[in-house]
Amino acid sequence: MSLKNDASSSHDGGSNGESVIDDHGRRRSTCGYCKSPARSSTSHGLSAETLTVYDYQALIDRGWRRSGSYLYKHEMDKTCCPPYTIRLKASDFVPTKEQQRVSRRLERFLDGKLDVQPREHTGASSSGEVSDARRKTFGAAKSEEKNKVEPIIDDLSKKIDQAVQLYIQSGEFPSDMQIPKASVKKVFCARRKKLAEGTEQLLYTSNIAFPIAAAIKRTQTSEKGGINSAEGNRLSPETISEMLLSAMHKVGETHDMSIKVCKGHINFFSAAKDSFSDRDVVPNGDISRGANSTGGSETLRTKKDSENHQARKRKLEIHLKRSSFDPEEHELYKRYQLKVHNDKPEHVAESSYRRFLVDSPLIDVQPSGDEKVPPCGFGSFHQQYRVDGRLIAVGVVDILPKCLSSVYLFWDPDYAFLSLGKYSALQEINWVTENQAHCPSLHYYYLGYYIHSCRKMRYKAAYRPSELLCPLRFQWVPFEVTRPMLDKKPYVILSDIAISQNQCSILAPGSETLAEPAASEHEDMEQGETNDNFMGCSDDDDDEDEDEDDEMYEIEIEDSHIESDPGSKDKDINNILISLYGSQYRYKDMRQIITPVGRKQLEPMLQSYRKVVGAELSERMVYEIN
């Protein structure tokens with residue numbers, strides 16, 4: 001492996017534009033999430049030649065992720081959008097209604113019962129240009145609708161929150177209960193027809209009464225020491241919704257809407273049938289055709305366009321293969337990046353694609369026939385999704401001894417209506433569950449990084465029950481526990497929540513119980529350490545002797561100027577394995593041959609290296625000095 005403190009090209013998903021190296025050898029670049037003009041994303045970088053799957057798990061547990069053969073680690077407290085590792089225990093996964101709808105939609109598509117069809121590739125044509133124009137019209141209408149609806153939703157949510165606060169201040173709701181902010185959702189036409197009352201139109205609804213009831217139950221149970229003692233005073237969602245209805249009439253007007261409650265839900269009605277909120281954005285297939293358009297050129301077509309249309313079943317094939325260059329995959333990747341992400345043509349060239357999604361430092365582990373390795377083995381893979389032979393999506397994944405780690409997904413823009421990102425995640429979770437029979441150590445599905453301040457990232461928390469990794473103590477904490485703190489500030493030492501509440505039981509099973517660091521150690525770790533996809537190495541690594549470890553990796557340092565931190569108590573660098581002029585040494589055996597000036601330059605670099613990769617790996621990987 002090579003430790004590089006330069007701005008080498010990488011797709012880390014969190015930075016773009018030019019990068020610079022600061023005085024401590026860290027890369028600083030513009031943030032790809034919040035679009036801050038300042039270089040506000042700070043990270044360390046490693047360039048890896050070879051890496052075992054066991055050691056990669058140890059690295060990602062300390063905040064590292066890979067982009068091709070480039071490994072990167074954010075400095076959480078110095079990065080504007082701190083990324084937390086998020087995981088899900090596959091056997092505990094409970095799909096939401098939306099996730100279930102995604103699966104049913106694809107099944108209907110395969111059965112030929114879905115009302116839409118993908119466009120066939122016909123090359124550039126005037127009809128294609130018309131389809132592009134329709135998509136732009138659809139996008140503009142959708143954007144206009146969103147701009148009108150969002151302020152209303154925000155205002156209604158605010159009024160519900162104000163009503164909740166009134167009851168907290170009056171003492172009718174516990175002051176120390178933790179509840180999420182009110183969520184108000186728009187009700188679309190299909191459900192609106194079922195729930196409409198007379199001439200009124202149901203526009204928005206909120207189920208906030210249910211989490212409030214659950215929060216009150218938890219608080220009362222905790223305070224009174226048992227479930228039975230809290231039963232008598234428990235408020236139901238129906239009662240709470242009626243209380244909030246009464247309070248909302250006191251906090252102000254609600255956009256000429258009437259408010260009613262039904263079975264714990266707070267519903268907002270409008271009698272104006274021609275209100276803009278009653279007009280849902282039309283689906284692609286219903287957009288009016290241009291004068292020169294033809295039915296065969298539409299991106300999506302409804303069955304109404306062809307009354308004699310007969311359902312034609314389609315065949316979905318999912319194939320897992322080792323990571324390698326495939327021209328067909330590259331063509332799909334180009335279409336996806338250019339159309340979905342508006343990427344520049346030079347960024348989707350073959351060389352860039354290979355660096356990003358084909359190259360991998362992970363050493364393949366072949367299936368052994370025992371219960372330690374799944375039938376496909378360990379390593380980096382591409383999972384292809386084909387419908388009737390046509391490649392529609394590719395998921396890039398790393399299969400490690402304890403998890404499947406999602407790296408990237410790209411899909412055919414013509415199949416956007418199938419929500420292939422969500423569908424592939426469901427398939428990958430299912431893969432982990434199925435392969436536990438072959439490899440009992442496989443338990444988890446990793447979705448990469450989760451950034452609470454980035455709205456586009458929040459879908460990852462919908463795969464429940466998910467957990468976030470504390471950037472300081474590397475303990476797993478349930479997402480629902482961390483959310484109130486993340487709502488207040490982007491960088492949080494998540495395990496502090498458990499310590500402050502004296503609730504060690506909220507830590508996920510299997511997490512190590514670590515003593516709280518001393519003040520100086522706490523300060524040191526907080527500045528530089530983060531974490532990524534998995535905790536700990538495989539037990540297999542414990543049996544490896546020193547000679548085998550010495551042959552695994554080589555670490556090469558190019559210009560690095562990293563200051564030491566004399567206040568830290570965890571700076572034992574004596575056992576770091578170093579390569580010098582083709583020979584390997586422990587640093588304790590090199591001290592005598594290095595001048596005082598040389599030690600003054602080298603030791604701060606070794607201390608920083610040990611800090612970012614961890615003590616165990618610093619003694620197993622080879623740090624090469626040129």
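Let's start with Gly395, which sits in strand S14 of this predicted model. Gly395 is buried, because its relative accessibility is 0%. Setting aside neighbours within four places in sequence, Gly395 is in contact with Phe381, His382, Gln383, Tyr385, Tyr408, Leu409 and Glu428.

**The chain as a whole**

- The chain has 17 helices and 22 strands.
- Of its 626 residues, 50% are buried.
- Take the contacts with a separation of 6 or more: 69% of them are between residues 24 or more positions apart.

**Helix H1, tucked away**

- How many of the residues of helix H1 are buried? Eight of the eight are, so this helix, residues 53-60, is largely enclosed by the rest of the structure.
- The buried residues in H1 are Val53, Tyr54, Asp55, Tyr56, Gln57, Ala58, Leu59 and Ile60.

**Where helices H8 and H9 meet**

- Helix H8 covers residues 327-340 and helix H9 covers residues 350-358. Their axes come within 11 Å and cross at roughly 100 degrees.
- On the H8 side, Glu329, His330 and Tyr333 take part in the contact, and they meet Glu350, Tyr353, Phe356 and Leu357 in H9.
- Sorted by class, the contact of H8 with H9 has four nonpolar, one polar and two charged residues.

**Aromatic pairs and a cluster**

- There are 16 aromatic pairs by count.
- How are the rings of Phe109 and Tyr415 arranged? Their centres are 6.0 Å apart and their planes stand at 90 degrees, so this pair is edge-to-face.
- Phe109 and Tyr415 link distant parts of the chain, being 306 residues apart. Phe109 belongs to helix H2 (residues 97-110), while Tyr415 is in the loop between strand S15 (403-411) and helix H10 (420-435).
- Are Phe109 and Tyr415 buried or exposed? Both Phe109 and Tyr415 are buried.
- Tyr333 and Phe356 also form an edge-to-face aromatic pair, at 6.4 Å centre to centre with 65 degrees between the planes.
- That pair links helix H8, where Tyr333 sits, to helix H9, where Phe356 sits, and the two residues are 23 residues apart.
- Tyr333 and Phe356 are both buried.
- One aromatic cluster is made up of Phe325, Tyr333, Tyr336, Tyr353, Phe356, Tyr408, Phe410 and Trp411. Tyr408 in this cluster is also one of the residues in contact with Gly395.

**The loop between S16 and S17**

- His452 is in the loop between strand S16 (444-450) and strand S17 (466-469).
- His452 counts as buried because its relative accessible area is 6%, under the 20% cut-off.
- Which side chain makes a polar contact with the side chain of His452? The partner is Asp487, at 2.7 Å.
- Leaving out residues up to four places away in sequence, His452 touches Arg458, Phe479, Arg483, Leu486 and Asp487.
- Pro465 lies in this loop between S16 and S17 too. The peptide bond leading from Arg464 to Pro465 is cis, with omega near 0 degrees.

**Two residues with positive phi**

- Lys263 has a positive phi of about 55 degrees, although it is not a glycine. You'll find Lys263 in the loop between strand S10 (258-262) and strand S11 (265-270).
- Why does Lys263 count as exposed? Its relative accessibility is 66%, and exposed means over 50%.
- Asp388 has a positive phi of about 50 degrees, and Asp388 is not a glycine either. Its place is the loop between strand S13 (379-387) and strand S14 (390-400).
- Asp388 counts as partly exposed, because its relative accessibility is 41%.

Terms used. Residues are numbered from 1 along each chain as its sequence is written. This is a predicted model: local features need pLDDT of at least 70, side-chain atom pairs count only at pLDDT 80 or more; totals for chains, interfaces and linings use all residues. Side-chain values use heavy atoms; hydrogens and water are left out. Helices (H or I, at least four residues) and strands (E, at least two) are DSSP runs, numbered from the N terminus. Buried means under 20% relative accessible area, exposed over 50%, partly exposed in between (1.4 Å probe, protein chains only). A polar contact is a pair of N or O atoms within 3.5 Å; within protein, one must be able to donate a hydrogen and the other to accept it, and residues adjacent in sequence count only if both atoms are side-chain atoms. Contact means heavy atoms within 4.5 Å. Axes are lines fitted to C-alpha atoms, for helices over the stretch in contact, and angles run from 0 to 180 degrees between N-to-C directions. Ala, Val, Leu, Ile, Met, Phe, Trp, Tyr, Cys and Pro count as nonpolar, Asp, Glu, Lys and Arg as charged, and the others, Gly among them, as polar. Rings of Phe, Tyr and Trp (its six-membered ring) pair if their centres lie within 6.5 Å; planes under 30 degrees apart count as stacked, over 60 as edge-to-face and the rest as tilted.
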